[in-house]
Amino acid sequence: MTSKSESLAVAEKPAEKPVLILVAAGASSRMGGIKKEYLPMQGGTVLSSAARIFLQTLPFSLCIITYPAAETEEARMKAEKKCREAVFADSAVRDAANICSDAACNKTLILFVPGGKTRQESVLHALEAAAKNLSAHGKGANPLVFIHDGARPFVSADIIRDCKNAAEAYGAAVPALQPVDTQKAIDERGFITRHLVRANLAAVQTPQVFRLKPLLTAHRAAAAEHRECTDDTEIWDRYAADGKTYMVTKIVAGSSENKKITYPSDIPQEAAKEQSMNIHTGLGYDKHVLVEGRKLMLGGVEIPFEKGEAGHSDGDVLLHAITDALLGAAALGDIGSYFPPSDAKWKDADSKMLLQTVWKDIKAAGWTLGNMDCVIALEEPKFLPHRDAVRSSIAQVLGVDAGQVFVKAKTGEKTGDVGTGKVVEAFVTCLLTRN
């Protein structure tokens with residue numbers, strides 16, 4: 001098997017971005033009819049967890065997700081709606097997705113396609129949709145295509161990258177494990193007919209990675225012959241591979257953790273993993289003098305008032321406190337170390353941009369936002385009419401749901417610097433999680 005450190009005879013890498021297909025059209029019969037891909041996991045669902053790791057590892061141009069077929073249009077629309085909800089339950093997926101179908105967008109375009117009666121039919125439907133979409137937008141017609149089980153959420157970034165490198169070198173790749181037990185071939189009566197060499201055997205997983213054009217041609221050929229295969233490597237090797245160095249399926253090292261959720265007993269194991277999640281809290285505080293001739297900025301929203309915050313940047317006291325709270329929770333520093341006030345380039349800087357810069361580094365370290373609670377200490381003007389706009393603004397900057405952010409205001413009761421209208425203060429607590 002090829003490990004991630006093994007040198008591959010890599011051919012010239014194409015510039016076109018790969019395509020991702022997540023197969024989630026099964027009935028989950030072994031789960032007692034419960035749609036396993038839609039079960040809660042890691043702040044989203046099993047399906048969104050599978051999508052997230054791919055979208056955070058490689059820049060995909062297109063992600064196609066299959067959902068259960070239905071006999072009527074009404075039933076099909078309901079099935080697609082459930083699938084969409086499961087996929088976009090994760091804010092990280094929403095952040096990476098091009099949900100407006102703009103071909104010029106650099107984000108991943110996510111499409112939903114009804115599956116077939118079998119997994120093989122579902123993959124063919126997705127391949128046809130991929131080829132049609134790429135052709136319609138004038139994009140490369142033969143990118144790598146990753147085919148992955150929507151109920152296999154534990155795949156690692158290393159496996160994804162290893163499969164990509166091997167597929168670029170050999171035409172096709174799949175992660176696999178060598179079996180632990182000795183394997184035997186048997187006949188239909190249950191008698192051993194052949195003693196297999198365990199070192200020459202591999203239990204394959206997903207993602208399975210191929211070139212789009214030959215794989216689509218191979219799937220069409222298998223469908224025309226009514227040939228049912230157990231996975232895409234079988235179709236590829238029968239109809240596409242040339243048996244030489246290139247276009248054969250290369251095995252890369254899989255992982256025992258890259259399991260597929262199949263039975264109800266698989267779910268408690270995931271629950272146990274969730275209990276080991278890292279949880280960090282952060283506390284942020286900032287204070288600015290209010291002066292005439294400056295805008296009053298709170299959470300990226302300009303609040304109509306005769307005074308605004310004095311400051312080196314735009315003075316948004318709330319976004320500054322949020323930035324410090326997030327940095328503190330992630331143990332990555334503070335706003336002063338990131339953006340020193342002595343540096344002229346931060347003069348009048350947009351605090352939303354500062355927060356986005358910090359948040360990008362925090363997400364790169366593997367952290368996601370659980371929730372955030374903010375308090376603004378301000379005598380005037382009244383904050384309540386602007387609260388929803390401020391919550392939405394903060395959520396948009398962070399790419400999270402507005403329900404994860406709350407903001408409330410308190411006055412100084414006419415006492416102290418706040419109460420006499422001299423200053424505005426902000427206090428923020430946040431919770432970050434990381435597996």
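With which residue does Asp149 form a salt bridge? In this predicted model, the partner of Asp149 is Arg119, and the closest N and O atoms of the two are 3.0 Å apart. Asp149 counts as buried, at 6% relative accessibility, whereas Arg119 is partly exposed, with a relative accessible area of 27%.

The protein chain as a whole contains 13 helices and 20 strands. Of its 435 residues, 47% are buried. The chain exposes about 21200 Å², of which carbon and sulfur atoms supply 52%. Among contacts between residues at least 6 apart in sequence, 73% join residues at least 24 apart.

The count of salt bridges comes to 20. One of them joins Arg94 to Asp401, with the closest N and O atoms 2.6 Å apart. Arg94 lies in helix 3 (residues 91–96), while Asp401 is found in the loop between helix 12 (387–398) and strand 19 (405–410), so this pair ties together parts that are 307 residues apart in sequence. Both partners are partly exposed, Arg94 with a relative accessible area of 25% and Asp401 with one of 38%.

Arg84 is partly exposed, with a relative accessible area of 35%, but Glu80 is buried, at 15%. The pair also takes part in a network of salt bridges that links Glu73, Arg76, Glu80 and Arg84.

Zero disulfides were found in a search of the whole structure. For Cys63, the closest cysteine sulfur is that of Cys83, 9.5 Å away and therefore too far for a bond. The corresponding distance for Cys430 is 9.0 Å, to the sulfur of Cys374, which is likewise too far for a bond. Cys63 is buried, with a relative accessible area of 0%, and Cys430 is buried with a value of 4%.

Strand 9 (residues 184–186) and strand 10 (residues 192–195) run antiparallel and are joined by three bridges. Lys184 has His195 in strand 10 as its bridge partner. Five residues lie between the strands of this hairpin, in which Gly190 adopts a positive phi near 95°.

Key
Residues numbered from 1 in each chain as written. Predicted model: local features only at pLDDT ≥ 70, side-chain atom pairs only at ≥ 80, totals over all residues. Heavy atoms only, no water. Pairing = 2+ DSSP bridges. Helix = DSSP H or I, 4+ residues; strand = E, 2+ residues; numbered from the N terminus. Buried < 20%, exposed > 50% of the residue type's maximum accessible area, 1.4 Å probe, protein only. Contact = heavy atoms within 4.5 Å. Areas by Shrake-Rupley, 256 points an atom, 1.4 Å probe, with all protein chains shown as cover. Disulfide = S-S within 2.5 Å. Salt bridge = Lys/Arg side-chain N within 4 Å of Asp/Glu carboxyl O.
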